[in-house]
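Have the model open beside you as you read.

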Amino acid sequence: MAKLKIGVQNFHYAEMTKDDETGFQYKPPIHVPNMVTITLDKTTNSTTFYADNKPIEVATTYGGTKVTLEMSDLPQEVQAALLGHTIENGVLKRNADDKAPYVAIMFESDLSDGTKEYIKLYKGMFRVPKAEYSTKKESPEFKT
């Protein structure tokens with residue numbers, strides 16, 4: 001029986017506090033509600049070596065994973081924590097010199113056979129997302 005992905009939930013992040021030859025350490029994980037989608041785009045680079053007019057060896061290296069996360073809403077406190085911003089008097093302040101911290105992310109996916117898949121990525125950094133707005137029309141159109 002195939003194990004197809006049919007749901008995604010329970011997104012958490014944990015800020016990294018240590019990364020050295022002895023291992024990783026993190027602050028306690030923080031749950032962020034209302035995850036809509038998450039995409040893990042793994043990059044590989046391959047090179048083929050040719051001899052006698054044919055390929056005789058292929059070398060492949062892993063180039064990293066790009067994560068695209070869609071949430072119905074991202075609270076200001078989470079934006080500040082993930083992007084290195086600050087909150088002053090209830091206002092999210094973004095500065096050009098803000099530095100996003102390294103974080104681990106974790107989430108789970110429901111599978112079609114009734115089991116769950118748990119995914120954890122140990123070190124990454126978020127970037128400021130694009131913002132998209134549009135005018136109201138006859139039918140509402142949600143923007144996340």
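## Helix H1 and its surroundings

In H1, the buried residues are Val78, Gln79, Ala80, Leu82 and Leu83. Their packing partners are E1, strand E3 (30-32), E6, strand E7 (91-93) and E8. Please keep in mind that this is a predicted model.

Just after H1 comes glycine 84, with a positive phi of about 80°. Histidine 85 then sits in the loop between H1 and strand E6 (86-88). Is histidine 85 buried or exposed? Histidine 85 counts as buried because its relative accessibility is 10%, and the cut-off for buried is under 20%.

## The nonpolar core

The largest nonpolar core contains 14 residues, and Phe11, Tyr13, Ile105 and Phe126 have the most contacts inside it. Two or more of its residues come from each of strand E1 (5-20), strand E4 (35-51), helix H1 (76-83) and strand E8 (103-111).

Apart from neighbours within four places in sequence, phenylalanine 11 is in contact with Ile30, His31, Val32, Met35, Ile38, Leu69, Met71, Ile105, Met106, Phe107 and Phe126. Ile105 and Phe126 on that list are also among the residues with the most contacts inside the core.

The largest pocket has a volume of about 1400 Å³. Which elements give two or more residues to its lining? They are strand E5 (54-71), H1, E8 and strand E9 (116-124), and E5 gives the most, with seven residues. Of the 30 lining residues, Leu69, Arg127, Val128, Pro129 and Lys130 lie nearest the centre of this pocket. Its lining has 15 nonpolar, six polar and nine charged residues.

The second largest pocket holds about 180 Å³ of space. Its lining consists of Lys5, Ile6, Gly7, Val8, Ile38, Leu40, Phe107, Ser109, Glu117 and Ile119. Here E1, E4, E8 and E9 each supply at least two residues, with E1 giving the most, four residues. By class, six of the residues lining this second pocket are nonpolar, two are polar and two are charged. Ile38 and Phe107 in this lining are also contacts of phenylalanine 11.

## An aromatic pair

How many aromatic pairs does a search of the whole structure find? The search finds one. Phenylalanine 24 and tyrosine 26 form this tilted pair, 6.2 Å centre to centre and with 50° between the planes. Phenylalanine 24 counts as partly exposed because its relative accessibility is 42%. Tyrosine 26 is also partly exposed, at 27% relative accessibility.

## Backbone details

Most residues other than glycine have a negative phi. Asparagine 10, although not a glycine, has a positive phi of about 60°. This asparagine 10 lies in strand E1 and is partly exposed, at 33% relative accessibility.

Asparagine 34 is likewise not a glycine, and has a positive phi of about 70°. You will find asparagine 34 in the loop between E3 and E4. With a relative accessibility of 49%, asparagine 34 counts as partly exposed, since exposed means over 50%.

Notes: Residues numbered from 1 in each chain as written. Predicted model: local features only at pLDDT ≥ 70, side-chain atom pairs only at ≥ 80, totals over all residues. Heavy atoms only, no water. Core = buried A, V, L, I, M, F, W, Y, C linked by side-chain atoms within 4.5 Å. Buried < 20%, exposed > 50% of the residue type's maximum accessible area, 1.4 Å probe, protein only. Contact = heavy atoms within 4.5 Å. 1 Å grid on protein atoms, 1.4 Å probe; cavity = no way out; pocket = protein on both sides within 12 Å on 5 of 7 lines; lining within 4 Å. Points joined across faces, edges and corners; volume = space filled by probe spheres on them. Nonpolar A, V, L, I, M, F, W, Y, C, P; charged D, E, K, R; others polar. Phe/Tyr/Trp six-rings, centres within 6.5 Å; stacked < 30°, edge-to-face > 60°.
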